[in-house]
Amino acid sequence: MNGTCPPGGPEDRAARVALTWLAEPGNRAVWALVNQAGAPATLDRLLSGDIPDARLRAAVAARSAAGDPRRMAEIVMRRADRLGARLVVPADDEWPRRVADLAAMEMDTGGRINSDTRPPLCFWVRGPWPLGETLERSVAIIGARAATSYGIHVTGELATGISKSGWTVLSGGAFGIDAAAHRGALAGSGRTVAVLACGIDRPYPAGNTALFDRIADTGLLVSEWPIGAEPLRHRFLIRNRVIAAATAGTVVVEAAARSGAAQTMSRVLALDRPAMVVPGPVTSAMSVGCHEILRNNPYARVVTSAGEVLEEIGRIGEYYAETPRGPERRHDHLDEETALVLEALPRNGSVTPEQVAAEARLNLRTVLRRLSLLEIAGLVARTGDGVALAHVPGRNRHDTG
């Protein structure tokens with residue numbers, strides 16, 4: 001930044017607030033000007049009308065007609081003080097480092113939402129923890145608002161397990177999967193962060209007000225938009241780039257076709273971050289988006305547990321998710337020949353070693369050695385006329401599988 005005012009100083013901070021009131025966050029042209037000349041100089045230039053981008057020039061003119069951006073910034077900052085919220089800018093120690101990657105992210109689809117994906121100019125934050133530290137070890141869990149009981153259950157299990165491992169769970173505060181992720185993290189006594197698409201004084205949806213209060217007390221509420229900003233539909237799509245960029249990886253649990261969660265995952269993949277998907281029933285409309293992500297993106301990974309999520313986002317060797325196994329049986333670790341001898345024994349009655357050798361197609365000496373090993377292991381018993389399967393308490397005598 002080459003502006004004359006110091007980065008992070010009062011003038012810089014006020015100018016960043018005014019700029020986010022003038023133009024929606026992520027605006028490519030505004031971010032480039034701020035990065036080149038500083039926020040105060042960019043604000044001066046925009047208000048003078050010296051803007052090559054016709055779309056941005058029209059937006060600035062329309063907003064300026066509604067009020068003085070500098071005056072609006074003063075009002076917003078006073079309201080934030082009364083609310084107990086703080087402004088975080090890139091010069092602050094608690095600025096989250098990962099969002100800088102948005103400066104180089106390019107989407108291969110058209111439209112303003114896919115073009116204006118540049119890093120935030122500032123964040124409004126409510127909560128006791130430093131923003132950057134809290135997001136350094138964080139994972140996003142996102143999904144459908146109209147979640148099924150399956151999705152709610154899986155999300156709660158994932159969030160609780162991740163939280164208990166010392167990782168922050170981040171989501172968007174919506175009904176359904178988002179709310180289940182926040183609640184699961186709280187159940188795990190860990191930190192959770194809600195990234196909002198409106199002012200942090202009016203968290204949306206209102207039905208989650210009690211949840212937002214708990215998050216503000218024990219985690220963080222975060223937004224790019226000034227105090228008082230409304231939760232307009234397009235702002236959720238703008239917000240999603242921050243969810244993708246601020247975390248070490250993102251999990252989508254349930255998503256309908258063409259959902260906001262699928263849009264977020266497109267940003268995760270564009271940033272080359274771990275993109276994780278929980279599969280669902282093929283008959284469920286709420287899992288269509290998840291399965292589509294897996295079909296179309298070879299870098300998306302299936303996850304089914306907190307351990308698998310941590311293995312994807314942790315440092316190499318930090319976590320290891322055990323491969324699911326059925327109940328362990330006493331003869332699981334037998335070598336091939338010993339297993340053949342055991343399989344050759346009838347489920348009922350006894351046989352001679354010679355009969356076992358014929359059934360197992362092994363020579364008699366080998367069979368005798370293996371029978372001795374099986375007897376020591378308690379799987380075979382000697383009888384008056386040969387050998388038989390041993391009776392093991394708690395196991396069906398006839399179950400050799």
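**Exercise 1.** Which residues point one way from strand 5, and which the other way?

*Solution.* Start from a general rule: side chains in a regular strand alternate between the two faces of the sheet. Now look at the model, which is a predicted one. Thr192, Ala194 and Leu196 point one way from strand 5, while Val193 and Val195 point the other way. Next, check burial, where buried means under 20% relative accessible area. Five of the five residues of strand 5 are buried, so the strand is largely enclosed by the rest of the structure.

**Exercise 2.** Find the strands that pair with strand 5, and say in which sense they run.

*Solution.* Begin with strand 4 (residues 168–171), which runs parallel to strand 5 and is joined to it by three bridges. Here leucine 170 has valine 193 as its bridge partner. Then turn to strand 6 (residues 220–223), which pairs with strand 5 in the parallel sense over four bridges. Leucine 196 has its bridge partner, serine 223, in strand 6.

**Exercise 3.** Explore the largest nonpolar core, and see what leucine 19 touches.

*Solution.* This core has 37 residues, and Leu19 is among those that touch the most other members. Beyond its neighbours within four places in sequence, leucine 19 is in contact with residues including Val30, Val34, Leu46 and Leu121.

Definitions and conventions. Residues are numbered from 1 along each chain as its sequence is written. This is a predicted model: local features need pLDDT of at least 70, side-chain atom pairs count only at pLDDT 80 or more; totals for chains, interfaces and linings use all residues. Side-chain values use heavy atoms; hydrogens and water are left out. A nonpolar core is a set of buried Ala, Val, Leu, Ile, Met, Phe, Trp, Tyr and Cys residues joined through side-chain atoms within 4.5 Å. Buried means under 20% relative accessible area, exposed over 50%, partly exposed in between (1.4 Å probe, protein chains only). Contact means heavy atoms within 4.5 Å. Helices (H or I, at least four residues) and strands (E, at least two) are DSSP runs, numbered from the N terminus. Two strands pair if DSSP finds at least two bridges between them.
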